[in-house]
Amino acid sequence: MPSDLIHQYMRIDHLPHIWCPGCGNGVIMRDVAVALDELINDPDTDFDRDNIVIVSGIGCSSRAAGYLDFNSIHTTHGRAIAFATGIKMANPKLHVVVLTGDGDCSAIGGNHLIHAARRNLGLTVICFNNDIYGMTGGQYSPTTPTGDKATTAPYGNLDRPFDIALLAAGAGASFAARGDVYHARETTAVIKQAMLHKGFALVDVYSVCPTYYGRKNKKGDAVEMLKWQRDNLIPLPRFNMMPPEEMAGKKAIGVLAENDFPEYSEEYQKLIDRFAAKGRK
Amino acid sequence: MSKAVLMQGNEAAVEGAIAAGMRVFAGYPITPSTEIAEQSSLRLPQVGGHFIQMEDEISSIAAVLGASAAGVKAMTATSGPGFSLMQENLGYGAMAEIPCVIVDVQRAGPSTGLPTSPAQGDYMQARWGTHGDHPVIALSPSSVLETYTLIIRAFNLSEKYRTPVIFLMDEIVGHMREGVELPRPETLRINRRKPSFHDGANKQCYFVPEGMYVPAMKPFGRGERYNITGLAHDEGGFPTNNTQVAGKLVSRLLAKVEDNADDIIRVEEYAMDDAETAVVCFGGTARAAMEAVLLARAEGRKVGMFRPITVWPFPEKQLKARLPQLKNILMAEHNHGQMLLEVQRTAGGSVPVAFLGKVDGTVITPAEILAKLQEMEV
C-alpha cells in the first residue's frame, strides 16, 4: 500500500522530492520505509518511530533524510557515517540508519566507511549508488565504470571503479549486501535484514540516473536502465546456479558477507559495567 | 577544603569537562593535545561515558556533533593542523546550532611546523576558519586551575547559546603542571538542556519566540521527530531557498553572540587602576606578562595587564573603557600579530599600539616584555 506508506512515513509537506523523472532514488527511499514499517510493526523488535535516526550526507541520495518522517539529520559531504557514529555512541539504543551515495560514502567519505566497517558499531548504511555525481551535474564518481563518460570524463573514464559492497566486506564489515532498484522486493528484504543485523551493515543499492549517467552513456531512458538491471543483476540463489559463461558481466544481488563479530557499543558497555560494578562494591 | 593535586593543563581540561557533564569524547591523536584524548579514554568509562578514537579530525568533530544531537554533551581536542580539518563541520555546528566544545592546544605552525613548541597562531583561525558569516565564542585559559573552571564555562555557554565553543589553549598551558585545588562539585554551576521546544508555532524545532535568540533543543530519540540540516532552513528545520528566511536565520545566529557579548565576555585586568601602559595578552603569554608587570611596578612604572579570557568575541567595550587613561598599549602574543589587529581596531589610533610577537616556537619571557617596555620609553 504505497499511498499509506507515504502518509505514515514521509513528510508530505516536503514532497514532491527534488529527484529527476526516472531517478531510482525514490524506489530506494520507499524500500527503506517499507523495511522500517515492517520492523516497527514487528512485536519481536524494539523499533519504533522515535528510536530511529536517519542520517545522510550530501548529494542526491542524502535529500531522502528530509523526506522521511523520523529523527533526521542531513550532515556535511562524506561525513554521515562519522555523525552517525557519534549518535550511536551517545545513545546505543537508537537505530541509526545512514542514507548516502557512491560519491558521499566511497570518495570523500571513504575513510569513514572503511573504519566504521572495521569498528563494527551497529549502524545500517544504505548507499544509493547511481555511478555518478548527480547533484553537481554528472561528474564521474568512484563507481563510474572505466570507459564511461561523464562531464569530467569527456573522453571516457580512466579510473577503475570500486565495488562498494566488496569494499565494505574487505574492510571487515560484518554485513555487506548488494541490491538494486529493479529488484525492489528482494532489496527491501535485504535492507530489513541489514537493519536487524547487530553490528555494521552496508547495503549497496544500484540506483539509476537517466538524466546524467544514462544520457551521457546512451543507456536509454529509465525503463531501459531498469531492464538492464533485470537482466544483469541476479538474485544470489539464481546467480549461484548459473553456468560460468552466463555469469560474465553480471553481478549477484543479496547478502555477500555476514559475520557475528562483537558489536562496538556492546563491548564498550561491558567496560562501563565493569566500573559501575566496582563502584557498587 | 578540597585536596591540592598536581595536574597538567590538558588533564584539567578533561576533569573540568567531565564536571561540566561531558560524556562523549571523540578525537584523533595530535601533539600537544594528545593527553586530553588519553585522559578521556581513561576517565569516561569510569563515569558511564564513551570515548572513541576516530580515523581523523574531520570524523572526530562529526561524531561530537552527532553525540550532541543525541543529547549528550560532547567534546573533541586537537591542535592547529587538526583544527584546520575541523573547520567545515565547525561551521555546520554553528549553522545547525549544535552545542559542543572544541579544544585547540595551539602549537607552532604553519603546517606541521614545530609540533612540540608553543604558539598562538590559531587566534584568527578560531574566528574565521570556517566559511561564511558565523558566530564564534572562544575562551582562552592561562593557568591549570583556570583551564578547569573555564572549560566548564565553555560547556555552559555552548549549551546556553547552542553553538560550538572553541577552547583556545596553547602548549604552555596544556603541558604546564601546577598544584591546584579543584572547586568542590557542589559549588559548580552547570547548564543543562531543557528537553522541549519553545511553545508556539506548532512546536517547530528551530522556533524562537520574539525577544529571544536561541531555539530550545530536544535531543533525538525523545519523542519529537525533527530535521537538522546545514542548508539554510526554516523554523521547522527544513531546507529553504527563501532568501528572507535564510537572511533572518544567519542574522539571528550572529546576533545571539553579538547582542549577548556582555554575558559572554570575561577579561582579567591586573594592576590596571592607575595604569598608563597596558600589556594586552591571552592564554599562556599572561604568565610572562604578569611577571613583567610586577617587575615594572617595582621600578615605579605604571604598567598593568589586560587579558581577554573570552578572546572571541573580542572584548572591545572593556578595552575601550581603558583607553582614556592609557598612553601606550603593548600587545604580546605568540604569533605574527593576530589579536594585535583587534587591539589596533579598538584603539582606533587614539593610543599607540606596540607589538611583541614570536613565531620561532620559543616562549616570550618577562625580560623580553620589560625590554620592549623600555624601548617604548614607558
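1. In chain B, strand β15 (residues 328–333) runs parallel to β16(B), and 5 bridges join the two; within this pair, Met331(B) has Phe355(B) of β16(B) as its bridge partner. Helices (H or I, at least four residues) and strands (E, at least two) are DSSP runs numbered from the N terminus, and two strands pair if DSSP finds at least two bridges between them. The model is a predicted one, in which local features need pLDDT of at least 70, side-chain atom pairs count only at pLDDT 80 or more, and totals for chains, interfaces and linings use all residues. Residues are numbered from 1 along each chain as its sequence is written, while chains are lettered from A and ligands numbered from 1 in the order in which they are written.

2. Strand β13 (residues 303–308) of chain B has 6 of its 6 residues buried, so it is largely enclosed by the rest of the structure. A residue is buried if 20 or more other C-beta atoms lie within 10 Å of its own, exposed if 12 or fewer, and partly exposed in between, with C-beta atoms placed from the backbone. In a regular strand the side chains alternate between the two faces of the sheet. In β13(B) both faces are covered, with Val303(B), Met305(B) and Arg307(B) buried on one side and Gly304(B), Phe306(B) and Pro308(B) buried on the other.

3. Strand β11 (residues 267–270) of chain B pairs with β13(B) in the antiparallel sense over 4 bridges, Val267(B) having Pro308(B) as its bridge partner. Strand β12 (residues 277–280) of chain B, by contrast, runs parallel to β13(B) and is joined to it by 4 bridges, with Ala278(B) standing opposite Gly304(B).

4. A second open sheet draws on both chains: its 9 strands follow the order β9(A)-β10(A)-β7(A)-β8(A)-β4(A)-β3(A)-β1(A)-β2(A)-β10(B), and the pairing is mixed. Its edge strands are β9 (233–235) of chain A and β10 (227–229) of chain B, each of which pairs on one side only; the twist averages 20° from one strand to the next. Strand β2 (residues 71–74) of chain A runs parallel to β10(B) and is joined to it by 3 bridges, Ser72(A) standing opposite Asn227(B).

5. The contact between the chains takes 38 residues from chain B and 33 residues from chain A, two residues being in contact if their C-beta atoms, placed from the backbone, lie within 7 Å. On the side of chain B that touches chain A, α3(B) gives the most, with 9 residues, and the residues of that side divide into 22 nonpolar, 12 polar and 4 charged. In this classification Ala, Val, Leu, Ile, Met, Phe, Trp, Tyr, Cys and Pro count as nonpolar, Asp, Glu, Lys and Arg as charged, and the others, Gly among them, as polar.

6. The axes of helix α4 (residues 80–90) of chain A and helix α3 (residues 57–69) of chain B come within 6 Å and cross at roughly 45°. That makes α4(A) oblique to α3(B), since angles under 35 degrees count as roughly parallel, over 145 as roughly antiparallel, 65 to 115 as roughly perpendicular and the rest as oblique. By class, this helix contact has 13 nonpolar, 4 polar and no charged residues.

7. A loop position in chain B may also be checked. Ser143(B) lies in the loop between β7 (137–139) and α6 (144–161) of chain B, and with 19 C-beta neighbours inside 10 Å it counts as partly exposed. Leaving aside neighbours within four places in sequence, Ser143(B) is in contact with Val173(B) and Glu178(B).

How values were computed:
Axes fitted to C-alpha atoms, helices over the stretch in contact; angles between N-to-C directions.
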